[in-house]
Amino acid sequence: HAATVHSAASAGPPTGERATLEAWIELSPREPIAWDLAAAEALRERRWEDAARELEGLAGALDDGSARASALTFAAVLREVRAGDQSAARSLLARAVEALPTHPGALAALEPLLLRAGEWVTYARCMAAQAETAVGDPAGAREALEREGDVWWDALGDAESAAASFERASAIAPREPGPLAKHVAVLEGSGRYADAPRVYERSLAVLREPGERAAALLRQGLLLELRLGDREGAQRAYARALAESPALGLAQSSLARVYALMGRWSDWVALGVASAERVRDRTERAARMVSLALRCEYALGDRVTAQALYERALALDPTHAGAAETLAVAYRVQGRFDALAAMLEARYAALPDAYGKAPIARALGELYLDALRDPPRAIEWMRRAAQSPHPEDALAVWAGLARALAADPSRSAEYADAVMQQATRAHSPAERLALRMHHAALLEHRVRDRPRALEAYRAVLAERPAHPEALARVTQLLLGDGRYAEGVASLRAEL
């Protein structure tokens with residue numbers, strides 16, 4: 001009878017076809033062909049509700065899971081797109097996945113519905129099923145598992161399930177860093193710090209760029225130091241991060257902190273020096289060396305290392321005042337006057353300002369005179385100090401030059417001139433008169449220039465007419481030159 005009805009339905013007009021098919025379905029509800037024909041007829045006539053219902057019936061008549069899932073998926077699409085019934089569509093797609101968990105069409109159609117409905121658990125399971133269907137497509141399977149893990153962690157806060165998803169994703173694509181990075185984030189976010197270093201090491205094996213590897217090593221070091229208290233492990237991680245990216249400032253500061261906590265001061269200094277050496281600007285590099293030297297000197301009490309750092313700083317920037325002053329004291333204490341002279345000469349040559357050069361030239365003159373016993377060099381540097389446009393404490397400069405010249409009898413005239421320069425810069429009348437008398441005595445006894453000596457003594461008398469010593473010397477010079485009339489007048493002045 002069913003065959004007869006089928007034949008009539010095939011040859012009959014469309015108006016009678018629906019009734020014939022309904023009769024056939026009523027007689028043989030497990031006959032797939034009848035449901036299929038009824039669904040096709042409803043689709044031709046755009047009766048979407050009827051078509052979805054016939055497709056559901058077709059699914060119930062099918063024994064094959066794949067075919068049944070396809071029919072339910074088609075029905076769900078009609079429910080969603082044509083009828084706008086998302087709830088019914090989700091129910092049909094769930095039945096389709098139940099019929100064949102790996103059905104790609106059902107999974108793809110179910111995904112946006114679950115996201116819109118916020119059915120996260122079902123969505124996660126849907127992603128897991130999609131990963132199983134991606135046979136021969138490792139990238140697709142990895143992506144599905146990553147999305148599953150994202151849902152477990154971000155939406156549901158299930159760290160264990162998320163970690164398992166990311167673990168499976170990394171197993172499918174062992175050369176991809178994404179799943180490993182998410183796995184580490186889940187472990188750290190859930191407080192499973194002890195498991196994170198192992199995953200970090202796996203991620204380091206797949207990261208290609210030095211910057212990415214350095215960032216991963218830095219995070220690993222921070223985890224070991226701050227969460228697990230493993231300073232040695234943290235130190236190794238920070239050191240590896242710096243080896244990958246020497247300019248990574250946070251890795252450097254973290255490694256310096258660990259060295260300080262571990263008391264490894266020599267490594268701490270070496271790290272600071274290496275960091276300073278990477279600075280291109282010489283002045284900035286010198287400033288960093290001085291900063292390290294100050295820490296070594298005052299915080300660590302290591303003056304030997306501090307002095308070496310000061311010396312390196314001055315080699316980079318001879319004008320650095322702080323380093324120069326500290327080294328000057330150290331060299332004097334150590335008796336290293338040659339080194340002090342070399343340092344001061346380099347600083348003098350490097351300074352662009354003539355005003356700043358004057359005190360250095362004076363210090364060099366005094367150093368060569370008093371410590372190195374080299375009057376010619378002392379005279380040279382004292383003259384430079386005296387000739388400066390802005391000599392610092394000019395009286396002291398000329399006094400130093402006079403002392404240097406006094407040691408050389410062949411330069412008595414220059415010695416006398418230096419004393420006269422002192423007199424013109426004297427701070428008080430009494431000092432000025434004493435220096436003028438000294439100048440006149442030098443002209444008389446060392447230079448042996450009696451006319452100039454007589455003139456010098458008379459200059460003293462012009463300022464103080466009753467100066468007894470000047471009167472006596474003027475009288476002696478006049479009488480000695482046979483100038484008796486002037487000598488008698490001078491004697492009377494003395495009386």
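Colleague: Where is the place of Arg-448?
Modeller: This is a predicted model, where local features need pLDDT of at least 70, side-chain atom pairs count only at pLDDT 80 or more, and totals for chains, interfaces and linings use all residues. Residues are numbered from 1 along each chain as its sequence is written, and side-chain values use heavy atoms, leaving out hydrogens and water. Helices (H or I, at least four residues) and strands (E, at least two) are DSSP runs, numbered from the N terminus. Arg-448 sits in the loop between helix H25 (429–445) and helix H26 (450–463).

Colleague: Does Arg-448 count as buried or exposed?
Modeller: Relative accessible area decides this: buried is under 20%, exposed is over 50%, and partly exposed is in between (1.4 Å probe, protein chains only). Arg-448 has 67% relative accessibility, so it counts as exposed.

Colleague: What is phi of Arg-448 near?
Modeller: Most residues other than glycine have a negative phi. Arg-448 is not a glycine, yet its phi is positive, near 60°.

Colleague: What is the phi of Arg-373, about?
Modeller: Arg-373 lies in the loop between helix H21 (354–371) and helix H22 (375–386). At 64% relative accessibility, this residue counts as exposed. Although Arg-373 is not a glycine, its phi is positive, about 55°.

Colleague: Which residues is Ser-165 in contact with, leaving aside its neighbours within four places in sequence?
Modeller: Ser-165 belongs to helix H10 (residues 159–172), and its 1% relative accessibility means that it counts as buried. Contact means heavy atoms within 4.5 Å. With those neighbours left aside, the partners of Ser-165 are Leu-145, Glu-148, Gly-149 and Trp-152.

Colleague: How are H13 and H14 arranged, roughly parallel or roughly antiparallel?
Modeller: Helix H13 (residues 210–227) and helix H14 (residues 231–244) have axes 8 Å apart and pack at about 165°. Axes are lines fitted to C-alpha atoms, for helices over the stretch in contact, and angles run from 0 to 180 degrees between N-to-C directions. Under 35 degrees counts as roughly parallel, over 145 as roughly antiparallel, 65 to 115 as roughly perpendicular, and the rest as oblique. H13 and H14 are therefore roughly antiparallel.

Colleague: How far apart are the end C-alpha atoms of H14?
Modeller: The expected span of a helix is 1.5 Å times one less than its number of residues. For the 14 residues of H14 that should give 20 Å, which agrees with the model, where the end C-alpha atoms are separated by 20 Å.

Colleague: Which helices do the buried residues of H14 pack against?
Modeller: The buried residues of H14 include Gly-233, Ala-234 and Tyr-238. They pack against H13, helix H15 (249–262) and helix H16 (265–277).

Colleague: How many charged residues are in the contact of H17 with H18?
Modeller: Helix H17 (residues 282–299) and helix H18 (residues 303–316) cross at roughly 165°, their axes coming within 8 Å. Among the residues making this contact are Met-289 of H17 and Leu-309 of H18. Ala, Val, Leu, Ile, Met, Phe, Trp, Tyr, Cys and Pro count as nonpolar, Asp, Glu, Lys and Arg as charged, and the others, Gly among them, as polar. The contact has 13 nonpolar residues, one polar, and a charged count of five.

Colleague: What share of the residues in the chain is buried?
Modeller: The chain has 28 helices and zero strands. Of its 495 residues, the buried share is 42%.
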